[in-house]
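Please look over the sequence and the model below before reading on.

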Amino acid sequence: MQDTIAAIATPNAVGGIGIVRISGSRAIEIADRVFKSKNNLLLSELEGYRAVYGMIMDKQLAVDEAIALVFKAPKSYTGENVVEFSCHGGLFVMQRVLRVVLENGARSALPGEFTKRAFLNGRLDLTEAESVMNIISAHGEQASMAALNALDGALSKKINKILDVFLSAAAHMSVWVDYPDEDIEELDFSSLLIDYKNARNELEKLLLEFDAGQAITQGVETAIVGRPNVGKSTLMNMLIGTKRSIVTSYAGTTRDIIEETVRIGNVVLRLADTAGIRNSDDPVESIGIEMAKEKLNRSGLVICVFDASEKLNNEDYKLLELCRNKKSIAVINKTDLPIVFDEQEIKNYVGHIVYISAVNLQGYDDLKNAIENTLGTQEFDTSAAMLATERQRDCCKRAIECVDEAIFAIESGLTMDAINVSTDGAIESLLEMTGKKVSDAVVDKVFERFCVGK
Ligand code: GDP
């Protein structure tokens, strides 16, 4: 039997209401010890989904007035008995209520332990549990919609459907291999091949949409790069709408990386304005340049800024070289000045080219469209199944590798054993994704990311 856990479920901040949550077989008994209802009702006498008004008591001392909400197993978030005390949202008072609960037999919950119990009790599968975390951390409507759909099982349903294909094939093949003398219907390899290829395409689609999904749900690390004085800081200010980056007309003043988070269209960009990437003898500036190069390597999107009134030089080409294998947009700034820049020269290096005048706040919509196009978020359907974490992506990738092996085995007429082994591999990876067959270490890792109280 699991012990009973408790934690403050609301943020560690002052608020109108603060919730202390208790879950476990002794949750209601412990709650009864510390809660005195106004009409002398015992919580253990109530049915589930009931709320009662009363006082939290530390022996004879009243700690706070509260509403106790009772959920009875298995009809609760965790699948266990749960009591939630909604008390006043003061930091001290919530701590005090929690302490009384702990002193009466509960233990402090670990990060994500409530959701982990929900998973262990079969209330959620692992992809759904992960989406709980994404709902909490979502910073926009689309991100929260996507996470909510995942919690509703959009991905699980899709994966389980694909799993069915492999499970029924594996069952058929096992019977065939194990009981060769029985009169069992032969496998139709041509239809098996079609099913496997369809399943593979579905998995591949999930994989291809992963980056766009991540851009929507997690935001994108974005580097604004360019040689000094092309207008990087001014562009950053245009995107942020404030005078955050220092703008001067001397080359090399943006020495440190300045970071900001902005929403552009349906994505959140974590912007970094970097020192101009160029060879510098100034030691302070060199550090900035090194940081910028590193930043560029880690970025999911590079906005490479050029000055429309100047011709490309060697520094620009070095920069373009760094952008070659990245998702990148060339922003040609200062279009209010006579344009001498030739876009033909950069076409092979970057995905999109956009003309702006940052100082006049012109070109924002074009840049927004280019960003959405580059990240693939323009047409993104938040109601569709999507992979939400690196863990899920890794499982999907491994499943595809196994399906590829199985397809190869079918096409080259290898033994049924060979097809069977690869099919099993695909099944394992997909079961790991939904958490039906997953090691404790992986489960622990998933819930480590959670906050206490969730
Ligand atoms: P950074 O070194 O790349 O960050 O460049 P800054 O943003 O500091 O800009 C350098 C200079 O270019 C400043 O004097 C800006 O006012 C000027 N500047 C930036 N954007 C524009 C623009 O669109 N048109 C013109 N004419 N000047 C600009």
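Lysine 116 is partly exposed, its relative accessible area being 23%, where buried means under 20% relative accessible area, exposed over 50%, and partly exposed in between (1.4 Å probe, protein chains only). Salt bridges that share partners also join Asp3, Glu80, Arg107, Glu113 and Arg117 into one network, a salt bridge being a side-chain nitrogen of Lys or Arg within 4 Å of a carboxyl oxygen of Asp or Glu. This is a predicted model, in which local features need pLDDT of at least 70 and side-chain atom pairs count only at pLDDT 80 or more, whereas totals for chains, interfaces and linings use all residues. Residues are numbered from 1 along each chain as its sequence is written, and side-chain values use heavy atoms, with hydrogens and water left out.

Lysine 116 has a partner of its own, for its side chain meets that of aspartate 444 in a salt bridge of 2.7 Å, N to O. Because aspartate 444 lies in helix H15 (residues 440-448) and lysine 116 in helix H3 (residues 113-120), the pair ties together parts that are 328 residues apart in sequence; helices (H or I, at least four residues) and strands (E, at least two) are DSSP runs, numbered from the N terminus. Aspartate 444, at 35% relative accessibility, counts as partly exposed.

A search of the whole structure finds 28 salt bridges. One of them joins the side chains of glutamate 84 and arginine 21, at 3.2 Å, N to O. Glutamate 84 belongs to strand E6 (residues 82-89) and arginine 21 to strand E2 (residues 15-23), so this pair ties together parts that are 63 residues apart in sequence. Glutamate 84 is buried, with a relative accessible area of 14%, and arginine 21 likewise counts as buried, at 9%.

Another salt bridge links glutamate 29 with arginine 26, whose closest N and O atoms are 3.1 Å apart. Here glutamate 29 is partly exposed, with a relative accessible area of 38%, and arginine 26 is partly exposed as well, at 31%.

Which residues make the nonpolar surface patch of about 230 Å²? The patch is made by Tyr53, Met55 and Ile67; patches consist of residues with over 30% relative accessible area and no salt bridge, like charges being joined within 9 Å and nonpolar side chains (Val, Leu, Ile, Met, Phe, Trp, Tyr) within 5 Å. Accessible areas come from the Shrake-Rupley method with a 1.4 Å probe, and for residues only the protein chains shown count as cover. Tyrosine 53 is found in strand E4 (residues 50-58) and, at 35% relative accessibility, counts as partly exposed.
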